[in-house]
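This report is meant for a reader who is meeting the structure for the first time. Please keep the sequence and the model in view while reading.

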Amino acid sequence: MRITDVTCHILQSKVEQPFVSARGWVYSTRASCIVEVSTDEGITGWGECYGPAAVNKALIDTQYRPRVIGRDPFDVEVVWEDLYNRIKDYGAQGFSITALSGIDIALWDIMGRAVNKPVHKLIGGAHRAEVQAYATGLYFIDMERLVEEAVEEAQKYAAQGFHAIKMKIGLGDAKLDLRRVAAVREAIGPGVKLAVDANHCFTVPQAIQLGRAMEELDLMWFEEPISPEDHAGYAQVSQALDMAVAGGENDFTRWGFRDIIASKAMDIVQPDVCAAGGISECRKIAALASAHGVECVPHAWGSAIGLAATVQFLAALPDTPPCLRPAPPMLEFEQTPNPLRDHLAKEPIVQVNGIVAVPGGPGLGIEVDRAVLNQYKVA
Ligand code: CA
């Protein structure tokens with residue numbers, strides 16, 4: 001089989017009620033670079049790149065596409081190494097890797113379709129037929145009702161069946177952050193798991209101080225407390241706190257994760273299959289983590305394609321540690337309004353009672369709805 005073309009589609013949708021994170025970014029649109037890889041056998045594979053879509057498209061169109069056409073999709077890791085070694089002198093992290101991720105995912109989709117097996121069957125098999133999902137949300141929308149809106153949104157997820165929720169923190173006021181997290185914990189009760197995500201807005205001492213204050217609230221993890229460049233700072237925060245510290249959505253490749261994992265700078269690493277180097281590279285990152293007793297719980301933030309790729313990868317991750325009643329790695333099921341996540345697949349990935357079934361169809365296990373693709377396509 002030979003690859004005949006690589007096409008990037010930039011999809012964009014408007015967010016009716018814009019929301020804000022601790023970065024101060026206002027999310028008023030959702031966009032994604034979707035990668036379509038065609039072959040001479042009529043099989044098409046889909047991938048997705050994390051981050052600003054136009055840059056991913058430009059990288060793929062100008063740097064990767066000419067080197068991928070004519071290759072055999074089953075040579076997925078040969079292609080990966082070739083593309084990476086072609087670009088790493090100019091960027092071994094960031095966009096060059098997010099763009100590469102989209103191609104890698106599409107090649108795994110093609111391989112699965114070619115042998116009529118889901119991707120998880122090609123990467124070692126599923127440790128579980130269904131995954132536990134946690135709802136990501138509780139951004140900042142109404143600055144006058146920050147505590148109330150968080151409580152209402154958390155109660156909504158609990159009522160929808162979620163058994164775990166991740167909320168945003170980082171309001172520039174540690175007392176308000178603490179009050180807001182405590183209010184959510186009280187509202188959802190002890191039976192629903194809760195994590196917090198600071199989107200790397202704190203200094204090391206701020207993170208340690210707030211982390212200690214939050215420890216009595218029974219949190220699953222404290223995500224991205226500090227800036228992703230400061231791996232030594234992550235080690236300080238992780239050592240100072242009893243609760244788990246998580247991060248890694250802004251880290252890339254096995255080399256980027258190597259020192260984080262070896263130094264145990266984080267208790268949980270969160271590579272994103274659409275960012276860190278695709279399914280091929282995330283498997284290597286997970287192996288590094290396993291060897292060091294670090295949990296791997298992937299980050300996910302994208303369309304139905306990225307979500308499906310994450311579910312396939314997650315299904316093949318072992319329990320850490322294996323035991324009688326393990327706590328399997330959970331699926332990040334982001335819940336902010338996003339039609340690209342909810343409608344791009346003909347049979348969307350949904351949760352029921354906090355559980356998402358691992359798709360058993362070929363490749364990523366979803367079928368892209370071209371009418372929806374064209375509806376949101378802007379370039
Ligand atoms: Ca995050």
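## Burial and the predicted model

A residue counts as buried when its relative accessible area is under 20%, as exposed when that area is over 50%, and as partly exposed in between. Glu 223, with 0% relative accessibility, is therefore buried, and Glu 249, at 6%, is buried as well because it also falls under 20%. The model described here is a predicted one.

## The calcium site

These two glutamates belong to a metal site, in which Asp 197 (OD), Glu 223 (OE) and Glu 249 (OE) coordinate the calcium ion at 2.2 to 2.3 Å. Along the chain, the donors of the calcium ion are spaced as D-x25-E-x25-E. Glu 223 is part of strand 7 (residues 222-223), while Glu 249 sits in the loop between strand 8 (245-247) and helix 9 (253-262), so the pair ties together parts that lie 26 residues apart in sequence.

## The largest pocket

The largest pocket holds about 960 Å³ of space, and 45 residues line it, with Trp 25, Tyr 50, Gly 51, Pro 52 and Asn 250 nearest its centre. Two or more lining residues come from each of strand 1 (3-20), strand 2 (26-39), strand 3 (44-49), helix 1 (53-68) and helix 3 (95-115). Strand 2 provides the largest share of this lining, namely five residues.

Sorted by class, the lining of the largest pocket consists of 15 nonpolar, 19 polar and 11 charged residues.

By class, six of the lining residues of the second largest pocket are nonpolar, three are polar and five are charged.

## Helix 3 and the residue after it

Helix 3, one of the elements that line the largest pocket, has 21 residues and spans 31 Å from its first C-alpha to its last, which is close to the 30 Å expected at 1.5 Å a residue. Helix 3 is mostly covered, since 18 of its 21 residues are buried. Just after helix 3 comes Asn 116, which takes a positive phi of about 60 degrees.

## Backbone details in the loops

Leu 138, in the loop between strand 4 (130-137) and helix 5, has a positive phi of about 55 degrees although it is not a glycine, and at 0% relative accessibility Leu 138 counts as buried. Asn 353, in the loop between helix 12 (339-343) and strand 12 (355-357), likewise has a positive phi of about 55 degrees without being a glycine, but its relative accessibility of 48% means that Asn 353 counts as partly exposed.

The peptide bond that joins Thr 320 and Pro 321 is cis, with an omega of about -5 degrees. Pro 321 is placed in the loop between helix 11 (304-315) and strand 11 (331-334).

Technical notes
Residues are numbered from 1 along each chain as its sequence is written. This is a predicted model: local features need pLDDT of at least 70, side-chain atom pairs count only at pLDDT 80 or more; totals for chains, interfaces and linings use all residues. Side-chain values use heavy atoms; hydrogens and water are left out. On a 1 Å grid over the protein atoms alone, a cavity is a set of points where a 1.4 Å probe fits but cannot get out, and a pocket is an open set with protein on both sides within 12 Å along at least five of seven lines; lining residues have an atom within 4 Å of a point. Grid points are joined across faces, edges and corners, and a volume is the space filled by probe spheres set on the points. Helices (H or I, at least four residues) and strands (E, at least two) are DSSP runs, numbered from the N terminus. Ala, Val, Leu, Ile, Met, Phe, Trp, Tyr, Cys and Pro count as nonpolar, Asp, Glu, Lys and Arg as charged, and the others, Gly among them, as polar. Donors are N, O and S atoms within 2.8 Å of the metal (3.2 Å for Na, K and Ca); water is not among the atoms, so sites may look incomplete. Buried means under 20% relative accessible area, exposed over 50%, partly exposed in between (1.4 Å probe, protein chains only). The expected span of a helix is 1.5 Å times one less than its number of residues.
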